[in-house]
Amino acid sequence: MPHLQQVERMQKKGQGGIEAMILIGVLMVVFLGVYLVYQAKNRAVLRVGQEIEERENCFQLANALTTIFVLGDTAQLTIRTAYEVSIDPQQQRIQSARAFCTFPMPTVISGSSSQPFSLPQGKITIRNEQGEVHVQHE
Amino acid sequence: MSKLLGRKGYLFSIDAVVSLVLFIALFAFVISLWTLYAIRLNENMATEELQLVAFQVIDVLTKSPGVPSNWEQNPTQTTMLGLRRNPGSLDPAKVAAFLAWDYDDARQKFNVERFEYQLRILDGNGNVFNQSGMAPNESAAQSITVARFMLLEHQPMQILFTLWRK
């Protein structure tokens with residue numbers, strides 16, 4: 001008897017709706033598009049987050065340079081930077097991979113030169129020597 | 001086979017189309033909101049830069065005597081403009097020299113050529129004692145004013161530095 005019921009169930013007819021298959025296909029395309037947009041926005045958010053961190057690092061360094069300059073001769077400060085930056089004293093500009101900022105005084109030196117120089121991440125000592133701001137990586 | 005071909009079906013259902021349209025509308029709304037926040041974030045970042053530069057410039061003006069310290073006597077040898085005589089007080093000769101300084105050259109000295117600035121000195125009653133630079137006008141997209149209180153000729157003065165961008 002159970003065998004007969006099983007045979008009867010197997011003989012029942014079903015239906016595969018063509019509209020359901022088309023709709024599922026359309027939904028898959030739509031969700032694929034949504035996923036691609038999500039990926040693009042996600043990358044943008046990560047990029048902006050990185051840019052904000054580098055700007056903060058740049059501002060920290062610019063503020064330190066300005067502070068040591070206004071504090072006058074023999075003032076000294078050590079800060080820690082999280083990103084590599086390059087400083088152009090002639091353009092009064094600090095540049096990192098995704099951000100830049102400026103500082104108002106042209107008397108920034110590394111070593112004995114006022115040429116553009118790079119600072120790797122890490123400890124940076126800034127000191128004022130007779131109005132000139134000297135920057136050195138520790 | 002001919003019986004199967006004769007059967008009628010339907011390709012779309014109205015509820016599926018309506019739900020799809022609603023979904024796309026909601027998605028477009030979320031994307032536009034996302035874009036709006038990105039624009040606001042960029043504006044905030046620009047404002048932050050304006051604030052930083054304004055604070056840097058007024059700190060240099062009010063806390064530094066300039067380079068060289070007697071720059072007002074040798075304008076051609078001036079590297080950096082500063083107004084301080086003693087901590088908390090300004091030098092009247094430096095103030096007069098700065099107020100008469102060429103506007104574009106001052107912007108170049110402070111590395112703020114991409115902005116415009118105005119410096120105002122207010123007396124103890126809030127009246128404008130003196131000023132230089134360019135006041136923000138209707139073309140100003142963003143502006144920020146920072147203030148410092150300093151002594152000038154033994155009188156307390158309020159130094160207002162406005163930095164703005166077109």
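This is a predicted model: local features need pLDDT of at least 70, side-chain atom pairs count only at pLDDT 80 or more; totals for chains, interfaces and linings use all residues.
In chain B, an open sheet of six strands runs in the order E3-E4-E7-E8-E5-E6 with mixed pairing. The largest pocket has a volume of about 260 Å³, and H2 of chain A and H2 of chain B each supply at least two residues of its lining.

**Disulfide in chain A**

- Cys58(A) belongs to helix H2 (residues 18-71) of chain A and Cys101(A) to strand E4 (residues 100-102) of chain A, so the pair ties together parts that are 43 residues apart in sequence.
- The link of Cys58(A) and Cys101(A) is left-handed, with -100 degrees about the S-S bond.
- A disulfide is a covalent bond between the sulfur atoms of two cysteines.

**Sheet in chain B**

- Strand E7 (residues 142-152) of chain B pairs with E8(B) in the antiparallel sense over eleven bridges.
- Within that pairing, Phe149(B) stands opposite Gln158(B) in E8(B).
- E8 (residues 155-165) of chain B also pairs with E5(B), in the antiparallel sense and over seven bridges.
- E5(B) in turn pairs with strand E6 (residues 128-133) of chain B, in the antiparallel sense over five bridges.
- Strand E5 (residues 116-122) of chain B is largely enclosed by the rest of the structure, because six of its seven residues are buried, that is, under 20% relative accessible area.
- Strands of a sheet pair through backbone hydrogen bonds, either parallel or antiparallel.

**Backbone geometry in loops and turns**

- The hairpin of E5(B) and E6(B) has five residues between the strands, and Gly126(B) in this hairpin takes a positive phi near 85 degrees.
- Glu153(B), in the loop between E7 and E8 of chain B, has a phi near 55 degrees, a positive value in a residue other than glycine.
- Glu153(B) counts as partly exposed at 47% relative accessibility.
- In chain A, Gln130(A) sits in the loop between strand E7 (122-129) and strand E8 (132-137), and its phi, near 55 degrees, is also positive in a residue other than glycine.
- Gln130(A) is exposed, with a relative accessible area of 73%.
- The peptide bond from Val67(B) to Pro68(B) is cis, with omega near -10 degrees.
- Pro68(B) is located in the loop between E1 and strand E2 (80-81) of chain B.

**Helices of chain B**

- In helix H3 (residues 92-99) of chain B, the buried residues are Lys94(B), Val95(B), Ala97(B), Phe98(B) and Leu99(B).
- At the start of H3(B), Asp91(B) places a side-chain oxygen within 2.9 Å of the backbone nitrogen of Ala93(B).
- Helix H2 (residues 14-63) of chain B contains Ala25(B), which counts as partly exposed at 45% relative accessibility.
- From Ala25(B) to Tyr117(B) the C-alpha to C-alpha distance is 45 Å, and the two are 92 residues apart in sequence.

- The largest pocket has a volume of about 260 Å³.
- Of the 13 residues that line the largest pocket, Ala44(A), Val45(A), Val48(A), Ala38(B) and Leu41(B) are the closest to its centre.
- H2(B) provides the largest share of this lining, seven residues.
- By class, the lining of the largest pocket divides into eight nonpolar, two polar and three charged residues.
- The second largest pocket has a volume of about 150 Å³.
- Of the 14 residues that line the second largest pocket, Phe69(A), Gly72(A), Asp73(A), Gly131(A) and Pro65(B) are the closest to its centre.
- H2 of chain A and strand E1 (66-67) of chain B are the elements that give two or more residues to the lining of the second largest pocket, and H2(A) gives the most, with three residues.
- The lining of the second largest pocket has five nonpolar, six polar and three charged residues.

Notes. Residues are numbered from 1 along each chain as its sequence is written. Chains are lettered from A and ligands numbered from 1 in the order in which they are written. Side-chain values use heavy atoms; hydrogens and water are left out. Buried means under 20% relative accessible area, exposed over 50%, partly exposed in between (1.4 Å probe, protein chains only). Helices (H or I, at least four residues) and strands (E, at least two) are DSSP runs, numbered from the N terminus. Two strands pair if DSSP finds at least two bridges between them. A disulfide is a pair of cysteine sulfur atoms within 2.5 Å. On a 1 Å grid over the protein atoms alone, a cavity is a set of points where a 1.4 Å probe fits but cannot get out, and a pocket is an open set with protein on both sides within 12 Å along at least five of seven lines; lining residues have an atom within 4 Å of a point. Grid points are joined across faces, edges and corners, and a volume is the space filled by probe spheres set on the points. Ala, Val, Leu, Ile, Met, Phe, Trp, Tyr, Cys and Pro count as nonpolar, Asp, Glu, Lys and Arg as charged, and the others, Gly among them, as polar. A polar contact is a pair of N or O atoms within 3.5 Å; within protein, one must be able to donate a hydrogen and the other to accept it, and residues adjacent in sequence count only if both atoms are side-chain atoms.
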